[in-house]
Amino acid sequence: MLPHEAAEFLRVTEDELMNGVCRGSLPGVCIDGKWRFSERELSKFCSQYDSVLLGTSWDAGKRNPYSFEDAIENKSGKVIEAYDAGERYFPSLGIKGGRFEGLDLREIDFWQSELRGADFTGATLKGAIFVLANLEHAVFRNADLTQANFERAWVDHADFSGAILNRALFAVSSMRGVKLDGAKINLVEF
């Protein structure tokens, strides 16, 4: 993103944006004397910091552009709609009991999301990111989780029966009661 696009995304002025970058508060890269910003990095930054940004109040709507305040079915639907439109990064979502059965969600990023009890039965989640996500009681039966990243996620009582876990990073925070019956586990890092 260009500076004016990043400022619009963050709902701040360009001066506030550049002040934050110069102080080292905001992620940005200067390439050949021109500043560029990653929407993904700005979203991560906003999700990590709750208090104050650039000396201005930072409300929940600004902090997470993918925060959906609807019923679970609508939240799941909005994620699917945004994914189909090309978005892959959905930080800090709260979709307890979300329904994603049978969907192709390759490389989706649910970083630090609340997905307790979500159903991913039969879904294709190759390269998906669930870092720091709460996946307690989530269902991944027969899902393809090849190269998925569950680093520091909570997967207590999750069901991975029949799932494909090839080359997945499974360095989870907690995995009490996890079901792995019939799971295809190959080169998984625990």
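**Close-up views of aromatic contacts**

The structure holds 15 aromatic pairs. The model is predicted. The legends below take selected contacts in turn.

**View A. W35 and F37 form a stacked aromatic pair.** The ring centres of W35 and F37 lie 6.4 Å apart. W35 is partly exposed, at 27% relative accessible area. F37 is buried, with a relative accessibility of 4%.

**View B. F140 and F150 form an edge-to-face pair.** Centre to centre, the two rings are 5.9 Å apart. Their planes stand at 90°, so the pair is edge-to-face. F140 and F150 are 10 residues apart, and the pair links distant parts of the chain. F140 lies in the segment after α5 (72-84). F150 is also placed in the segment after α5. F140 is buried, at 0% relative accessibility. F150 is buried too, with a relative accessible area of 0%. Both count as buried because the limit is under 20%.

**View C. One aromatic cluster takes in F140 and F150.** The cluster is formed by F90, F100, F110, F120, F130, F140, F150, F160 and F170.

**View D. R88 lies over the face of Y83.** R88 sits at 3.7 Å from the ring centre of Y83.

Terms used
Residues are numbered from 1 along each chain as its sequence is written. This is a predicted model: local features need pLDDT of at least 70, side-chain atom pairs count only at pLDDT 80 or more; totals for chains, interfaces and linings use all residues. Side-chain values use heavy atoms; hydrogens and water are left out. Rings of Phe, Tyr and Trp (its six-membered ring) pair if their centres lie within 6.5 Å; planes under 30 degrees apart count as stacked, over 60 as edge-to-face and the rest as tilted. Buried means under 20% relative accessible area, exposed over 50%, partly exposed in between (1.4 Å probe, protein chains only). Helices (H or I, at least four residues) and strands (E, at least two) are DSSP runs, numbered from the N terminus. A charge sits over a ring if NZ of Lys or CZ of Arg is within 6 Å of the ring centre and within 35 degrees of the ring normal.
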